[in-house]
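Dear colleague,

I am passing on the structure below, and after it you will find my notes on what the analysis turned up. Please read them with the coordinates open.

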Amino acid sequence: MSKFSLFLSILFLWSCSSLPKYQLKDDYYNFHQPGKKPTKVFVRVNEDTVKITGLDDSLIVAKEQDEYFVKRSFDLDAMTVLFKYRPSTYNLPRQLNTSFNGNVYLGYRIDRFWLDYKKTPDGVTKELKHKALTLGAFGGLGTAAINPSTTNYRTTDEYDGLVLTRGFAIMVGLNSLTVGLGVGWDNLTDRDKDIWIYQNRPWYGLTLGLNIN
């Protein structure tokens, strides 16, 4: 099993331990329907029904129109960068690296659920849909190839060095899938940190995260 496959397996098992954020659950939301102002409500989900209660404990009876529920929260994710694009430097061409890395992501997240009502010959049907947007920072550990090319030929050694990673990412979620774009910087931690050509230089990558809070 590859390191990346192991990472995905761990994330999957972790996600099964609690109700994920992409599912509408019993909680407070900002609720509105088309043409109406948003209002704070408490939502209780019972199988295929949704009970909406106002803050004054009054039951809100929604018309057969699309219903929107918005939840804002802090986002804690286990995140990996699927690949890092490094611009050319020191006469070395542009690089696309897929080395192992693992990060903790902390951000601000907006989840938007809506019950989509559609009229059909058999009556009105409804379908629950979801989208999310999260913006934040991350940090973690990874590996990087250290060799003559990546040190401007100032060493003859070839090995995988340990790097500390930090950066920012914006990710979107559609049901269980959460992907995004990130920009980050790597710091080599060993003796060759002063000659590594990518030390503290920005890279750009495709991120994959899974919510754990």
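Aspartate 192 forms a salt bridge with arginine 191, with 3.8 Å between the closest N and O atoms; the term stands for a side-chain nitrogen of Lys or Arg within 4 Å of a carboxyl oxygen of Asp or Glu. Arginine 191, by contrast, counts as exposed at 63% relative accessibility.

Please keep in mind that this is a predicted model, in which local features need pLDDT of at least 70 and side-chain atom pairs count only at pLDDT 80 or more, whereas totals for chains, interfaces and linings use all residues. Residues are numbered from 1 along each chain as its sequence is written, and side-chain values use heavy atoms, with hydrogens and water left out.

Salt bridges

Arginine 191 also meets the side chain of aspartate 157 in a salt bridge, at 2.3 Å from N to O. This pair links distant parts of the chain, since aspartate 157 sits in the loop between β8 and β9 and arginine 191 in the loop between β10 and β11 (202–211), 34 residues apart. Aspartate 157 is partly exposed, its relative accessible area being 28%.

A search of the whole structure finds 10 salt bridges, one of which joins arginine 44 to aspartate 26, with the closest N and O atoms 3.5 Å apart. Because arginine 44 lies in strand β2 and aspartate 26 in the loop between α1 (3–15) and β1, the pair ties together parts that are 18 residues apart in sequence. Both are partly exposed: the relative accessible area is 39% for arginine 44 and 37% for aspartate 26.

Overall fold

The protein chain has 1 helix and 11 strands, taken as DSSP runs numbered from the N terminus (helices H or I, at least four residues; strands E, at least two). Of its 213 residues, 36% are buried. Contacts are heavy atoms within 4.5 Å, and among those in the protein chain with a separation of 6 or more, 61% are between residues 24 or more positions apart. The accessible surface, from the Shrake-Rupley method with a 1.4 Å probe and, for residues, only the protein chains shown as cover, comes to about 12,800 Å², of which 57% belongs to carbon and sulfur atoms.

Strand β7 (residues 101–120) and β8 pair in the antiparallel sense over 20 bridges, pairing being assigned if DSSP finds at least two bridges between two strands. They form a hairpin with 2 residues between them, and glycine 107 has glycine 136 in β8 as its bridge partner. β8 pairs with β9 as well, again antiparallel, over 15 bridges, and glycine 139 stands opposite arginine 166 in β9.

Cores and surface

A nonpolar core is a set of buried Ala, Val, Leu, Ile, Met, Phe, Trp, Tyr and Cys residues joined through side-chain atoms within 4.5 Å. The largest one has 10 residues, namely Leu24, Tyr29, Phe31, Val41, Val43, Ile52, Phe69, Phe113, Leu115 and Tyr117. The elements giving two or more residues to this core are β1 (27–32), β2 (39–46) and β7, and the largest share, 3 residues, comes from β7. Apart from this core lies another, of 8 residues, among them Leu92, Ala144, Val163 and Leu188.

Leucine 135, which lies in strand β8, counts as exposed at 54% relative accessibility.

Threonine 178, in strand β10 (residues 177–188), is by contrast buried at 8% relative accessibility; leaving out residues up to four places away in sequence, threonine 178 touches Met171, Val172, Gly173, Thr207, Leu208 and Gly209.

With best regards

Key
Buried means under 20% relative accessible area, exposed over 50%, partly exposed in between (1.4 Å probe, protein chains only).
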